[in-house]
Amino acid sequence: MNRLISICTARNFCRVQRAKIPVFHTFTDSPAFRQNYSSRTQHVLPKNARDAQKLCNVKSLKFFASTSPGLEELALKELLSIGIKDIKINPDDTLIGGVQFGVTSLEDIMKCHLHLGTVSHIYLRASKPFLATGMEELVRKVSKLEFWQSYLSSQDGLIPLFDIRVTASKSRLFHTAGIAERVERGILKAMNVDSDAYASLKQNSDKDKERLRILVRIQQNQVEISVDTACTPLHRRGYRLQSGKAPLREDLAYAFLYAQGWCSKSPFGGLVDPMCGSGTILIEGASMASGLPPGRLRPAPFKHSQLWDPQLWKSMVEASRVRALECKDAQGSLVIIGSDRDTGVIKAATENIKRAGLEDMIELHDCSISDNPWFLDSASYNAHNMLVAVNPPYGVRLSRNKKKPKRNIHPLLSLYQTLGRCSNGAASDVNFGIIAHDVNLARQTGVKMKSQFTTRHGGLSVTALSTVHSRPAKAS
């Protein structure tokens, strides 16, 4: 049975240490931040928000921060850094698929939506797992859950359209489509919604219309239902409307930098991405360095629920922008340079950077790796302890029309060697990080690196690697 663990326990400290994740502090850790955060977001809740808190006691709700595999420890570290203390983990100190936690106020869960960068979804548990061995039993028990009446918001007599996703294993209920239909029927019954009217609305609605995602997990006849608190995944920040081929997911780019200690108070002098593509690593890095939260461009969470409070969300976003300006003024200039030889993706990156509001922080160049201006003349930038972070091609999606390489030489070997050579030759105190599908190929850069985490991206297993220590200065 899950046990409640405080951030002050020695057990939690030891477990984080075992994970070998760099310990560093973000701008949210300081007492000044917490005091300013509270003072700037205090306001009188509108009547509908006060009514929602009466109907749905936030303190009684349990949430689950879902991540890509391998990013669970980073998500835990983020939750702790923003002051979330009610965290539950498995008895064997493992985190699988994410982190389960509780909050003390609506502002706390809004803070999670605003500041968590490694999390892809935040789910709300509809109830404790319950037993169901038959379809009609499932409908009856779902319809009796008090959660639907206290959480969902009815609009024009109809609740939002559902996107019900089911997984079932080792259970008498195994037909996923049938399970989804019964769960939907139970929710409609609980909300006293006419099923025919709902079916008509569902049939006539646009396929791209926002839907409320509901996860149903059945294992050994135990049913667990969770509701997504946002209509779109959290990794969709809102700035990347244009991209190149196989773009890096925003949450993975954030985790890549976060695992290396990149933040608003990090010791790095700047960031270089010589294969920036549509600019995801650059934008996430500039946002983190300036203290801008990942969710600032997203709409308010809890839409279609009685916890929806766009005024509170707007005030929190505005407060975060004020803090970011103060952080930027205190930090001074930071060198962030990106380049790519594809003119099309450079244009896409330019537009994405503008949407993110970071055009004054990021410098773009249309050139090859070796012609990146920082590699050519790093001394002119007067920046030390730079971080070179890159997500090069993985080499598994090469065109079938290309001839097979001779002597079993990897077709991307020269590319990876160029990355290592340029980074090593730029400065003695440069730090290097790479996301790679083939770890052995990444080692061909000639840079000594250690693994930060392994996850899935685009159906492939990828590993984030970075330098262990800064290299000693070269002999003159």
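User: Which residues do ring pairs link into a cluster with Tyr151?
Analyst: In this predicted model, ring pairs join Tyr151 with Phe147, Trp148 and Phe302 in a cluster.

User: How are the rings of Tyr151 and Phe302 arranged?
Analyst: Their centres are 6.5 Å apart and their planes stand at 75°, so the pair is edge-to-face. Tyr151 belongs to helix H7, whereas Phe302 sits in the loop between helix H11 and helix H12, so the pair ties together parts 151 residues apart in sequence.

User: And is Tyr151 buried or exposed?
Analyst: Tyr151 is buried, with a relative accessible area of 1%. Phe302 is also buried, at 0%.

User: How many aromatic pairs are there in the whole structure?
Analyst: The search finds eight aromatic pairs. One of them is formed by Phe63 and Phe101, which are stacked at 5.8 Å centre to centre with 25° between the planes. Phe63 lies in strand E2 and Phe101 in strand E4, so this pair ties together parts 38 residues apart in sequence.

User: Changing topic: what is the strand order in the open sheet of seven strands?
Analyst: The order is E12-E11-E10-E13-E14-E16-E15, and the pairing is mixed. Neighbouring strands in this sheet are turned by 15° against each other on average, direction ignored.

User: Why is one side of E12 and of E15 left without a neighbour in the sheet?
Analyst: Strands E12 and E15 stand at the edges, and each has a single partner strand, so one side of each has no neighbour in the sheet.

User: In which sense do E15 and E16 pair?
Analyst: E15 and E16 pair in the antiparallel sense over eight bridges. Within this pairing, Phe453 has Ala464 in E16 as its bridge partner.

Terms used. Residues are numbered from 1 along each chain as its sequence is written. This is a predicted model: local features need pLDDT of at least 70, side-chain atom pairs count only at pLDDT 80 or more; totals for chains, interfaces and linings use all residues. Side-chain values use heavy atoms; hydrogens and water are left out. Two strands pair if DSSP finds at least two bridges between them. Helices (H or I, at least four residues) and strands (E, at least two) are DSSP runs, numbered from the N terminus. Axes are lines fitted to C-alpha atoms, for helices over the stretch in contact, and angles run from 0 to 180 degrees between N-to-C directions. Rings of Phe, Tyr and Trp (its six-membered ring) pair if their centres lie within 6.5 Å; planes under 30 degrees apart count as stacked, over 60 as edge-to-face and the rest as tilted. Buried means under 20% relative accessible area, exposed over 50%, partly exposed in between (1.4 Å probe, protein chains only).
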